[in-house]
Amino acid sequence: MSRASEITLNLEKIRRSIPEHVTLIVVTKTYPISDIEILYEAGVRDFGENRDHEGANKATQLPADANWHFQGQIQSNKLKSIVTWADFIHSLDDLDHAKKISKLRKEAISVFIQVSLDGEAGRGGILPSEIPNFLEECEKLKGINPIGLMAVAPLNEDPNTAFSRLAEIKAVTSAEFPKIKYLSAGMSNDYQAAIAYGATHIRVGSSILGSRG
C-alpha cells in the first residue's frame, strides 16, 4: 500500500467516527511535509504542531487556507515566531505569555486556555480555580481572543472520568464567560471519550499517520 493510500484510509476511518461539528486537527509534529501534503490533498485544513521551528517551516510550504494550531508548551523566547505562523494557540496557561502575545500581535489570535486536570507541575495548564481571574486579565489585553479551554487527560485516570470533570469546568466557565465556546480535548487514544463529554476540537496524530519512529 502506498503512503498516500495508507494515510487516506486511516483519515477516513477517523472522519467516520466523529460528528460533523467536531474539528479534526491532525497532529503532524515529527512527520514530513510530504505526509502533510497528502493530508491537504485529502481535504484536511487543520494541522497541529508542538515545536515552533517545525511549525514555522511547514506553514510556509502549504497554501494559505491551511490552519495551524500550536499546541506545545510555550517558551517565552519562541512566542515572537509562533505568532507569525500559528492561527490558534491551544496551550496558553501563563499571564506573562498572554501579555507578550498581546504586544506582538496587531490582530487578535484565537487561544485556548490550557487547564490542568491533575495539578501536576510540568504538564502544563492552570488550575480550574484560577480560570476566572486568568480570563478577566486576558480580556484586558488586545491581541488575545480566548475562545475555549484545552486539557489533556491525566495519564493514570480513566479518560471518561477526566473529561466528565472537564465538561463541568467548561460549563461553569462558559456561563460566566460566553466567549469560551470551544473545548479542545482528546487524542488518538481517547478522542471518542472527549467527544462524548463535549469536545469540539480533537487532536489526532498517530491513528492517522502511524507510529512515530
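**Figure 1. Salt bridges in the predicted model.** Nine salt bridges are found in the structure, which is a predicted model. Side chains of opposite charge can pair when their charged atoms come close. The next views show some of these pairs, together with the accessibility of the residues that form them.

**Figure 2. Close-up of the salt bridge between Glu 49 and Lys 58.** In this pair, Glu 49 and Lys 58 are joined by a salt bridge whose closest N and O atoms lie 3.0 Å apart. Glu 49 has a relative accessible area of 0% and is therefore buried, and Lys 58, with a relative accessible area of 4%, is buried as well.

**Figure 3. Close-up of the salt bridge between Arg 51 and Glu 54.** Here a salt bridge links the side chains of Arg 51 and Glu 54, with a distance of 3.6 Å from N to O. Arg 51 is partly exposed, its relative accessibility being 38%, whereas Glu 54 has a relative accessibility of 12% and so counts as buried, the limit for that class being under 20%.

Figure 4. Arg 165 pairs with Glu 157 in a salt bridge, and the closest N and O atoms of the two residues are 2.7 Å apart. The relative accessible area of Arg 165 is 28%, which makes this residue partly exposed, and Glu 157, at 23% relative accessibility, is also counted as partly exposed. Elsewhere, Glu 49, Arg 51, Glu 54 and Lys 58 belong to one network, joined by salt bridges that share partners.

**Figure 5. Close-up of the crossing of helices α1 and α2.** Helix α1 covers residues 3-16 and helix α2 covers residues 33-41, and their axes come within 10 Å of each other while crossing at roughly 55°. With that angle, α1 and α2 are oblique to each other, and their crossing is right-handed. On the side of α1, the residues that meet α2 are Arg 3, Ala 4, Ile 7, Thr 8 and Leu 11, and their counterparts in α2 are Asp 35, Ile 38 and Leu 39. Sorted by class, the residues of this contact between α1 and α2 comprise five nonpolar, one polar and two charged.

Figure 6. Thr 30 lies in the loop between strand β1, residues 23-27, and helix α2. Most residues other than glycine have a negative phi, and most peptide bonds are trans. Thr 30, which is not a glycine, has a positive phi near 75°. The relative accessibility of Thr 30 is 41%, so that this residue counts as partly exposed.

**Figure 7. Close-up of the crossing of helices α6 and α7.** The axes of helix α6, residues 131-138, and helix α7, residues 159-176, come within 11 Å and cross at roughly 40°. This angle makes α6 oblique to α7, and the crossing in which α6 passes α7 is right-handed. From α6, the contact involves Ile 131, Pro 132, Leu 135 and Glu 136, and from α7 it involves Ile 169, Thr 173 and Glu 176. When the residues of the contact between α6 and α7 are grouped by class, four are nonpolar, one is polar and two are charged.

Conventions:
Residues are numbered from 1 along each chain as its sequence is written. This is a predicted model: local features need pLDDT of at least 70, side-chain atom pairs count only at pLDDT 80 or more; totals for chains, interfaces and linings use all residues. Side-chain values use heavy atoms; hydrogens and water are left out. Axes are lines fitted to C-alpha atoms, for helices over the stretch in contact, and angles run from 0 to 180 degrees between N-to-C directions. Helices (H or I, at least four residues) and strands (E, at least two) are DSSP runs, numbered from the N terminus. Angles under 35 degrees count as roughly parallel, over 145 as roughly antiparallel, 65 to 115 as roughly perpendicular and the rest as oblique. A crossing is left-handed if the near helix is turned anticlockwise from the far one by less than a right angle, and right-handed if clockwise. Contact means heavy atoms within 4.5 Å. Ala, Val, Leu, Ile, Met, Phe, Trp, Tyr, Cys and Pro count as nonpolar, Asp, Glu, Lys and Arg as charged, and the others, Gly among them, as polar. A salt bridge is a side-chain nitrogen of Lys or Arg within 4 Å of a carboxyl oxygen of Asp or Glu. Buried means under 20% relative accessible area, exposed over 50%, partly exposed in between (1.4 Å probe, protein chains only).
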